[in-house]
Amino acid sequence: MEKLSEQQITEHLEKLEGWTFENGFIQKHYQFKDFKDTFSVMTRIAFECEKMNHHPNWENVYNNLTIRLNTHDVGGITENDINLAKTIESLVES
């Protein structure tokens, strides 16, 4: 697993709407209709994270969800983070 350069991260994020790179994490904030919808999405994300063995830092307050990703083992962003962000996007859209 290789740490991506800032340029590589920027190139990937151009294809991931709303994701930003800050303080060593790629991150995005979502807002849903209510807590039930938010928690439903979080549950679907959790199952995918388990399959990938890659887990987000996240914060949920009522209908707001903030997700932050990085790979602790390399101290930065890897393809695993980008792939998880893509998976999260597809789950949120469905």
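Here are some questions and answers about this predicted model.

The model is predicted, so local features need pLDDT of at least 70 and side-chain atom pairs count only at pLDDT 80 or more, while totals for chains, interfaces and linings use all residues. Residues are numbered from 1 along each chain as its sequence is written, and side-chain values use heavy atoms, with hydrogens and water left out.

Q: What is the order of the strands in the open sheet?
A: Strands (E, at least two residues) and helices (H or I, at least four) are DSSP runs, numbered from the N terminus. Two strands pair if DSSP finds at least two bridges between them. The open sheet has four strands with antiparallel pairing, and their order is β1-β2-β4-β3.

Q: Which residue in β2 is the bridge partner of threonine 20?
A: β1 and β2 pair in the antiparallel sense, over three bridges. For threonine 20, the partner in β2 is glutamine 27.

Q: At about what angle does α2 run to β3?
A: Axes are lines fitted to C-alpha atoms (for helices, over the stretch in contact), and angles run from 0 to 180 degrees between N-to-C directions. Contact means heavy atoms within 4.5 Å. While α1 lies across β1 and β2, α2 lies across β3 and β4, and its angle to β3 is about 165 degrees.

Q: Is histidine 54 buried or exposed?
A: Start with its place, the loop between α2 (35–52) and β3. Leaving out residues up to four places away in sequence, histidine 54 touches Cys49, Asn70, Thr71, Asn80, Asp81 and Leu84. Buried means under 20% relative accessible area, exposed over 50% and partly exposed in between (1.4 Å probe, protein chains only). Histidine 54 has a relative accessible area of 9%, so histidine 54 is buried.

Q: What separates the C-alpha atoms of lysine 15 and lysine 86?
A: Lysine 15 sits in the loop between α1 (6–13) and β1, and is exposed, with a relative accessible area of 71%. Along the chain, lysine 15 and lysine 86 are 71 residues apart, yet their C-alpha atoms are separated by 9.2 Å.

Q: What is the phi of asparagine 23 near?
A: Most residues other than glycine have a negative phi. Asparagine 23, in the loop between β1 (20–22) and β2 (25–31), has a positive value without being a glycine, near 50 degrees.
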